[in-house]
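Q: I am new to this structure and would like to learn how to read its helices. Could we go through them one feature at a time?

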Amino acid sequence: MERKDDHIRYALMQKNEHNSFDKYELEYHSIPNFDISDIDISTKIGDLSLNFPFYINAITGGSVKGDKINKDLEYISKRTGIFLFPGSYSPFLGKDVSTYPKGQGSNLGIDKSVDKHLETISKSKSKIHQVHINPIQEILMPEGDENFKNWENNLKEIVKFSPVPIILKETGFGMNEKTIEKAISLGIKIIDISGKGGTDFSIIENMRRKKPKYYYQEMGYTTVDSLLYAQKYSNNIEFLASGGIRNPLDIVKSLAFGAKAVGLSKTFLELLETKGKEEVINIMLEWIEDIKYIMLLTNSKNISELKGKVKLKNDK
């Protein structure tokens, strides 16, 4: 599909050297009181246990290049134990396919009816399912949908009938308090706030349009702002962080803000394109160790102890 390949190409063209995480710092403890081997970096998303507090987030699928990327990510996931959410199942609906990874996560848009989501979960043998929301992208996308009034009802039906936990996932524009409150009222237990700072689909779709509308690129919330909005609802909903996560330090900062786990998309895409899947495996194994080292430097034995150990940098 040309659209899917456009998304990959334009995503790789975007450069995000600085984002909202750069304004914050972790607490640093000079005298840790435990060893690296004492640190537990496991976490849970709903009932799903993860060995590591980060996962491969939805990227692509449905084209030759996109399916190859998913197969490479599936290989990396199996070799490392890092959980995988493949891209949207939409191109595969109603088909018998072998290219969509099985037995991990799954992803489909909120515009699709509950039967399409149940088909996705069943055919992918999904353990947990993302329902993505992307109104800004839909408005700007030449092939975009202009019908939104069924979204709330679709989500209620998906939550009601899904046999697996549901994650309501933004697509890089963040969530404010009103969106989080609405998600809670519709029965959502887990959200991925997916803020600005990473792949920006308003930029991508403007690059695909004959008449770009750049002012839409001003809308949305950064990942850190979205995490701060989510904190007050931590007793009512679990929240995940994605959007511009560049390295282990960003992962640990997200966890300190209260995220249960952290999703990475473009980072994996760039590494696959420049390093190849075997080198990505080596890099991710290093990241796992670095997460432990950074947690040691905050004197945190586990994700729970890490929570709250992040603050705005002092002006120097």
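Q: Against which helices and strands do the buried residues of H5 pack?
A: Some conventions come before the case. This is a predicted model, in which local features need pLDDT of at least 70 and side-chain atom pairs count only at pLDDT 80 or more, while totals for chains, interfaces and linings use all residues. Residues are numbered from 1 along each chain as its sequence is written, and side-chain values use heavy atoms, with hydrogens and water left out. Helices (H or I, at least four residues) and strands (E, at least two) are DSSP runs, numbered from the N terminus. Contact means heavy atoms within 4.5 Å. Here the buried residues of H5 pack against helix H3 (114-124), strand E6 (128-133), helix H4 (135-140) and strand E7 (166-170).

Q: Which residues of helix H5 are buried?
A: Buried means under 20% relative accessible area, exposed over 50%, and partly exposed in between (1.4 Å probe, protein chains only). In H5 (residues 151-161), Trp-151, Asn-154, Leu-155 and Ile-158 are buried.

Q: Where do the buried residues of H5 lie, seen down its axis?
A: An α-helix has 3.6 residues a turn, so residues three or four places apart point the same way. The buried residues of H5 fall within an arc of 95° (taken from the directions from the helix axis to the C-beta atoms), so they line one face of the helix.

Q: At what angle do H2 and helix H10 pack?
A: Axes are lines fitted to C-alpha atoms, for helices over the stretch in contact, and angles run from 0 to 180 degrees between N-to-C directions. Angles under 35 degrees count as roughly parallel, over 145 as roughly antiparallel, 65 to 115 as roughly perpendicular and the rest as oblique. The angle between H2 and H10 (residues 266-275) is about 100°, and their axes are 11 Å apart. The two helices, H2 and H10, are therefore roughly perpendicular.

Q: Which residues of H2 and H10 meet?
A: From H2, Lys-65, Ile-69, Asp-72, Leu-73 and Ile-76 meet Phe-268, Leu-269, Leu-272 and Glu-273 of H10.

Q: How do H2 and helix H11 cross, and which residues meet?
A: The axes of H2 (residues 64-80) and H11 (residues 277-297) come within 10 Å and cross at roughly 40°, so H2 and H11 are oblique to each other. Asp-72, Tyr-75, Ile-76, Arg-79 and Thr-80 in H2 meet Lys-277, Glu-278, Val-280 and Ile-281 in H11.

Q: What is the angle between H10 and H11?
A: H10 and H11 pack at about 135°, with axes 8 Å apart, and are therefore oblique to each other.
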